[in-house]
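Hi,

Here is the structure I said I would pass on.

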Amino acid sequence: MTRLINNDYCIALECKDLQANAMSVDCTGTYALLAGRRCIALRNLDEEYENVFKFPRTSKYDVGAAEWNPTAHNKQICAISTNERLEILNWREETLSVSHSIRAHTRAISGLNWHRFDPNIIATSSVDTFVNVWDIRDSRRPTLSLANVAESSQVRWNRISQHLIATAHDGDIKIWDQRKGSYPLQYIAAHLAKIYGLDWSPHIENQIASASQDHSVKFFDTSNPRKPDFVLSTGSPVWRARYTPFGNGMITVVVPQIRRGSENSFLLWNISNRAAPMHTFVGHRDVVLEFQWRPSRPDDSYLQLVTWSKDQTLLVWKIEPFLQKLCGYEPDDLSIYDDNSSIGGIDEAASTVSLKRIQPLQQEFSLLNVHIPNLEVKNMDSITRTVTATCKINTVITHVKVIFPNAYPLGVPPAFQVMPGSNINDSIGSQLLHTLNHLAIQRVSKNRTCLEPCLRQMVTTLEQLLVDIDSDRSFERVYVEPTVSAEGYNDAYIPFPRTSGVKFCSVNILVCFGRPLLTRRLGNKNDSGTPRALSALEGILAKRSTDQMTVSAYYFQRQKQRSRSKHSLSKASKAMVHIYDATNLFLINRQLAEDYILYGDVATICKHNAAAAAVAGRRDLVQAWILIEITLAQRLVDDDGDWAGHPCGDNLLISLINHYASQADLQMAAMLCCIYGKQQENSLRKASLKSILSPMPGVSPYHTIPPADVVADGWVLPLLKSTRSTSLDNLRAEEIVVATIPPKIPYVALYEYYKMAYAETLHRWTLLYNRAEVMKFMAIQPEPYKGAEFIPDCQICQTPIKHSVCTSCRRLPFHCIICNTAARGSVNCCVICGHGGHTDHLQMWFERKSMCALCGCNCLFETTYTVGS
Amino acid sequence: MVSIINSVDTGHEDMIHDAEVDYYGLRLATCSSDNSVKVYDIRNGASALLDDLKGHFGPVWQIAWSHPKFGNLLASCSYDRRVIIWKETNRKWAKYYEYTNHDSSVNSVQFAPAEFGLILACGSSDGSISVLTFTPETNSWDAKKIQNAHAIGCNSVSWAPATTPLFNGNENEQQPLVKRLVSGGCDNLVKIWKEAGDQWVEESKLEVHSDWVRDVAWAPSVGIHRHTIASCSQDRRVVIWTSNDCVTWNSTILHLFDDVVWNVSWSLNGNILAVSGGDNRISLWSQNAEGTWQCISDVAKGQGHINN
């Protein structure tokens, strides 16, 4: 018939000078009428050549709508609207004459629709708010005038019932019965935004679909229209949504003014599977202004769709049986297409039906954009169903063969092979195939074709792999850049990212972060909760044809749409971290930590600490401190009492420590442990003094130093050592206490633990002095100093010296730079220049100067910088 | 009970996945899907950006501060299969070490208690756990890998405190410190690992969760007379595990939450557990005198107040 560009569609007419914005196909499917301001053109679709009849118009108004009469009786009649007038054109003997010109409304006509069954009835809608029904045999006045408040944008007769008529008014739909025009049967508040198109279902009398600015098509049951039966979300404002004559299909086009970029959103949907469009018609270079089904022709096996686009081309699309099948259409003779599973029959049937069967593949081949950088597509053979592509990146050449099974793309992915002649190594090859297979499976699982995405992915993957090889060849390992769009094969096992969290940090800080309150999760309402794996993102977002599969897209999808119109969601709110002070959750108090003291005698300590607790408002602690003061002070007075066994002696202290430990008041527990330690020390000193004096050593009941690994309530601290760094060493305590039965002092190892934990808390608070005080009571030796040490070399014999006198030449090696004499005792020196001397001399010097006395070194500054940073 | 002291607008271009304050409480590090790690100075309520660390090529899942005695080190792990240890010198952060020996996303990093030295554990979706040990003498990192720690993937690792109390009866033996790890993974298991010689061996396998374990946290055992581990899972439960000997463990179900639980964190004293999850809510839990766990607060995210 007409010029064949590709198997998908053919161009029926390409005419730049028409400037038509209305199109209609007559009921026989022979003529397409195109109407513009300057002329009306008729194209005979049956003829091969661009045989066009053009009839100039002399009107200053554009044509708003055009429609052929759908009945065979008046098949030569076409109605067009131009501003407020309705013109009835008569096509007879290759001439077009205006039979009527009715001033139908007082303002512009927005839509018209012929009655489906009565050849003389036409309805018009207008912005003057009226919807008029005309009988063209008597055109003086409308037979029916439906009055409304809001302007009418569309009018559609029901396709099954001859009385029902639907009109659209802004976001509302009214359903009328033409026998009772005084008020509508139904008033449906369908959309919040303007309705552009209405269409009655060809199969169900009560179903109507409305296309709206709000990016959706809603389906209403007019007998029960309180809420839509279902909604189709298209992602862009819908200009027209019309049912397909087969199956459950629906075709949508985007509002012409809204079009962005190259996407013209000319989509075929299956209304029983509304997640994603079944097919995108690719061919028009601009938006589709009007489309109409061409009534089926007896000599043509395909259904045809005629479209008129802003690019001034009229296309006739053949609707493949597989597309019809995707829309739920089950033709009786489907068996010849449904051969995917019938293994035996393929070869026999191939000769007859092969042409029909390879259509999808041929279509894909012809649509393939072969201009992919670094890639050459060599053989596209739709008979053997293979494609060979060669990717060249620098010197690396990769040949890949793609083999398409018969069932492709309906759930069956093609097979990829790296062909001989490629100079990539096996690991890259396998990585590449892995990625390609993964992508292909993703696409075909939604019955989408995958050749072009796979070829593009192949180039990017290879580029990435090779770059990595170049950059870290030394590692000899392959690393795939996991781009977000082409996620790795094992995302199914990567946990879904946390988007909220909480952490206790330092001593009393609680760090929280989370999603802004606005966010809502995507997915169905009956969803069982947050998905577990990262791969879930793909599943959910792919359906919504989101460009990016990121976690934030998952949470922000809904906001994005809303924010486009209103305020945009600020990026900042995505990434707030809140830091809480959780001090009040704990009994450890920083103020107390600063104020508590541990030096001096027990009574002084207790008094001071009780006062500190009072200031901090911890009255319970005040009592505890006073209690300890009383019992311990009493002990000092009464030397000889056996306090270890006394109810107010050690047992009291121990039970206090236990109490605070169980309350998780580590601070008080550790402080009491220190007091306890101090007390033990005192009594031990006393006892040892006594035992030195006494002629009977070894019977001291005061030996309180436990063996190394004391088991206390099941606690063992393996790191405990039996050494104590107190004055006990001088008293040679080991000799004094011989063979005594050590009284059972429980919990000692645990006490070490309390003190250590408290010391760490103080360290985190950088209360280093207070920490040192606590550490004095530790049985554990602090770690030997591991940092930098200043060791001068002897100036005479050049050996490193650690003492004030050189071990080899027995002289004083270090000279004070101020008094120039050998220095011993308290000396200081600069770490940078090494000069120094007597501490008091240096102090005097640096009170006035900042520079070294000997060289130009800025000692004070340098030292601060090195040590302080 | 909890008062807000600072709100840091991190300026990340995408979702945050982890945030942690350093040992002294002076600096905040955050990591995000925008592939970056940011460090903020938060002293005195300020929130000054100190550095923006770019080196990952995928979303960064978790970060960890080291003990300051090893310098200012920050470890981060990412979807790009790398672990990077960053070091601050003269207020500038730079890559200190990069570990690339995982075959899939690295989901968790944590520094060992300082007593053990500078050691980092990493859990990855390739199912393995890496233990990276720094040897100051040779100035080098040594990696040990627990292959197949969790069948499908490891989601979280946590170290046992260094002062691990032992209850095995051999009180008088001077025992060296034992390094232990707990890990949770996609095989729904929580596993306890112990270093024996130069090998890591599985000590116990804890089975209660019915879905992926998302986070594990070994409690600092100060003042608590036994080992405690918290684990949370996709099955919406948080389980508290207790043991006296690291061999037999008893489980208590803390709570069944409304949504997936992602995060458990113990306070320094080990007496309060913070829980957060997919429902964007935070709750704090502590044990009452009878030993039952109670929710003591509920911080509604973003609002910053507590409903008690």
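Let's start with strand E13 of chain A (residues 131–135), which is mostly covered, with four of its five residues buried. Buried here means 20 or more other C-beta atoms within 10 Å of the residue's own, against 12 or fewer for exposed and partly exposed in between, with C-beta atoms placed from the backbone. Helices (H or I, at least four residues) and strands (E, at least two) are DSSP runs numbered from the N terminus.

One caution: this is a predicted model, where local features need pLDDT of at least 70 and side-chain atom pairs pLDDT 80 or more, while totals for chains, interfaces and linings use all residues. Residues count from 1 along each chain as its sequence is written, and chains are lettered from A and ligands numbered from 1 in the order written.

E13(A) has partners in two strands. Strand E12 (residues 121–126) of chain A runs antiparallel to E13(A) over five bridges (pairing takes at least two DSSP bridges). A:Ser125 sits opposite A:Val131 there. The two strands make a hairpin with four residues between them, and A:Thr129 in the turn has a positive phi of about 80 degrees. E13(A) also pairs with E14(A) (residues 144–146), again antiparallel, over three bridges, and A:Val131 has A:Leu146 as its bridge partner in E14(A).

Further along, helix H4 (residues 426–444) of chain A has 19 residues. Its buried residues include A:Ile428, A:Leu432 and A:Leu439.

Cheers

Conventions. Expected span 1.5 Å × (residues − 1).
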